[in-house]
Amino acid sequence: MDVVFAEHLDNERRMLAGLSPSERRQPARLLRKLEVSIVSSDEESADTSAQRGDAESPHLRCRS
C-alpha cells in the first residue's frame, strides 16, 4: 500500500509541476466548495425526506 501511495503522490507532483503555488491552491479551494455544496444538498434531501416520512436514505437514491 505504501508503494501505491508514494506512486500516487509522485504522479500528483508531476501533474501539478507546471502550476504556481497560487494555481495549486485554486483546485483545493474549488473542491472544498464542491464538497460543501454536495453535503448541503444531501442534508436538504434528507430533511425533505424526513418531512415526507420517506424511509429511504438520500445517499442510496438514484439521481438523474
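R13 sits out in the open: it is exposed, with a relative accessible area of 52%, where exposed means over 50%, buried means under 20% and partly exposed lies in between (1.4 Å probe, protein chains only). The model is a predicted one, in which local features need pLDDT of at least 70, side-chain atom pairs count only at pLDDT 80 or more, and totals for chains, interfaces and linings use all residues. Residues are numbered from 1 along each chain as its sequence is written, and side-chain values use heavy atoms, with hydrogens and water left out.

The partner of R13 is D10, and the two form a salt bridge whose closest N and O atoms are 3.1 Å apart. A salt bridge here is a side-chain nitrogen of Lys or Arg within 4 Å of a carboxyl oxygen of Asp or Glu, and by this rule the count comes to 1. Why can such a pair form? Side chains of opposite charge can pair when their charged atoms come close. D10 and R13 are 3 residues apart in helix 1 (residues 2-16), so about one helical turn separates them. D10 itself is partly exposed, at a relative accessible area of 37%.

Zooming out, the protein has 2 helices and 0 strands; these are DSSP runs, numbered from the N terminus, with helices being H or I of at least four residues and strands E of at least two.

Helix 2 has 32 residues and runs 47 Å from its first C-alpha to its last, close to the 46 Å expected at 1.5 Å a residue, the expected span being 1.5 Å times one less than the number of residues. After helix 2 comes G53, with a positive phi near 85°.

R24 also belongs to helix 2 and is partly exposed at 39% relative accessibility. Neighbours within four places in sequence aside, R24 is in contact with L16, A17 and L19, contact meaning heavy atoms within 4.5 Å.
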